[in-house]
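Please read them with the coordinates open.

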Amino acid sequence: TGHTVCAPIKSHIHIYIYIYIYIYSSSMWCVPCSCIQPFAVHSLSVQKKKTNIELSNFVTRKMHQQRTTTTTTTTRATDSPSSSSSPNDTNHQQQKQLDLIIWDVDGTLANTTTLAFEATNEVLKKHNFDEISLEQYEYGSRYTTPKRFSYHACGDSEGHKELGEKLGASFDRYYVELVTRETAGLFSGIRNIVERTKSVKHAALSNACGEYARRVVKVNKLDSIFEMSLGADDVSKAKPEPGGIRELCQKLNVDVSNACYVGDAPSDGRAAKAAGCMFSIGVNWGSHDLSDPTNEEHFDIVCETREELERFFMKALSDN
């Protein structure tokens with residue numbers, strides 16, 4: 001009856017469905033890449049949009065926190081009978097905005113790994129020390145030049161100060177002369193970021209010597225934009241100590257809480273946070289893996305690409 005009639009029909013339907021699924025799934029392997037590409041691009045666009053939203057929210061929240069903290073501190077000070085702050089001082093202190101971008105040089109502004117690595121080995125060979133690997137160089141680049149050479153020559157960044165200073169001085173003399181746009185050129189996209197953010201001040205602070213930092217800025221024709229470029233020998237204490245950042249801000253008459261520091265090493269992030277910068281920004285195209293949580297924790301935000309960094313600054317400046 002009804003059930004016996006429907007049974008073979010139901011069976012045939014199942015067979016047709018199975019055949020259809022098989023043919024459809026098989027044909028998917030033969031779909032041209034051009035047909036699949038729109039779906040892949042759409043997926044990437046959605047992910048990128050999400051990143052932009054998260055980035056925008058982070059910048060807004062961070063700048064709001066800075067302003068709220070300063071307003072609270074200022075209000076408490078002016079409420080105190082012993083306070084000597086004037087209304088003008090209060091208004092000035094409440095206006096927290098990004099006024100200064102401070103750049104690390106090696107691994108952040110300029111792609112100098114090959115130059116520095118090869119020059120390091122030349123100096124070590126000249127003084128009868130074993131050459132080092134690229135990995136050893138990259139690890140040592142977190143130190144100032146004298147400490148780095150103490151580490152490369154003897155395995156201890158702190159224990160051989162005189163030797164480190166001797167090798168470091170030899171390196172500086174040799175290294176600076178090798179700087180050209182070919183050996184120490186900017187990473188792609190960096191010039192565009194600097195050009196688009198000229199509404200605020202720019203400066204460089206490196207753990208290399210000051211002469212080197214200034215030469216890299218000059219050969220890359222950024223000296224007309226950068227108001228100051230300092231090295232470890234220009235400040236009282238180099239990174240990761242905060243003194244260099246604070247001294248640079250003081251010389252440029254910028255409150256350190258209105259400045260941000262951009263760098264590729266954990267010591268950069270530590271210095272920026274200790275100094276009290278508005279933002280401590282890590283970039284993951286230098287000598288250090290900032291996807292490692294022990295490195296990433298020193299930064300407020302880590303940018304994987306120059307495009308991310310540019311979007312970050314565009315948002316920060318739009319909130320000024």
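1. Helix 9 (residues 210-219) lies across strand 2 (201-205) and strand 3, running at about 145 degrees to strand 3. Helices (H or I, at least four residues) and strands (E, at least two) are DSSP runs, numbered from the N terminus. Axes are lines fitted to C-alpha atoms, for helices over the stretch in contact, and angles run from 0 to 180 degrees between N-to-C directions. Contact means heavy atoms within 4.5 Å.

2. On provenance: this is a predicted model, in which local features need pLDDT of at least 70 and side-chain atom pairs count only at pLDDT 80 or more, while totals for chains, interfaces and linings use all residues. Residues are numbered from 1 along each chain as its sequence is written, and side-chain values use heavy atoms, with hydrogens and water left out.

3. Helix 9 also packs against helix 7, at an angle of about 10 degrees and with the axes 10 Å apart. The two helices are therefore roughly parallel to each other (angles under 35 degrees count as roughly parallel, over 145 as roughly antiparallel, 65 to 115 as roughly perpendicular and the rest as oblique). From helix 7, Tyr-175, Val-176 and Glu-177 meet Glu-211, Tyr-212 and Arg-215 of helix 9. The residues of this contact divide into 3 nonpolar, no polar and 3 charged. Here Ala, Val, Leu, Ile, Met, Phe, Trp, Tyr, Cys and Pro count as nonpolar, Asp, Glu, Lys and Arg as charged, and the others, Gly among them, as polar.

4. The strand order in an open sheet of 6 strands is 3-2-1-4-5-6, with parallel pairing. Strand 3 (226-230) and strand 6 (301-303) are the edge strands, each pairing on one side only. On average, neighbouring strands of this sheet are turned by 20 degrees against each other, direction ignored. Strand 4 (residues 259-263) and strand 5 (residues 279-283) run parallel and are joined by 4 bridges; two strands pair if DSSP finds at least two bridges between them. Gly-263 stands opposite Gly-282 in strand 5.

5. Two backbone details may be worth a check. The peptide bond joining Lys-239 and Pro-240 is cis, with omega about 15 degrees, and Pro-240 is found in the loop between strand 3 and helix 10 (243-251). Asn-128 is not a glycine, yet has a positive phi of about 65 degrees; this residue is in the loop between helix 4 and helix 5 (134-140).

6. Helix 11 (residues 266-275) gives the largest share of the lining, 3 residues. On a 1 Å grid over the protein atoms alone, a cavity is a set of points where a 1.4 Å probe fits but cannot get out, and a pocket is an open set with protein on both sides within 12 Å along at least five of seven lines; lining residues have an atom within 4 Å of a point. Grid points are joined across faces, edges and corners, and a volume is the space filled by probe spheres set on the points.

7. The largest cavity has a volume of about 280 Å³. Of its 25 lining residues, Asp-106, Tyr-137, Ser-141, Tyr-143 and Asn-207 are closest to the centre.
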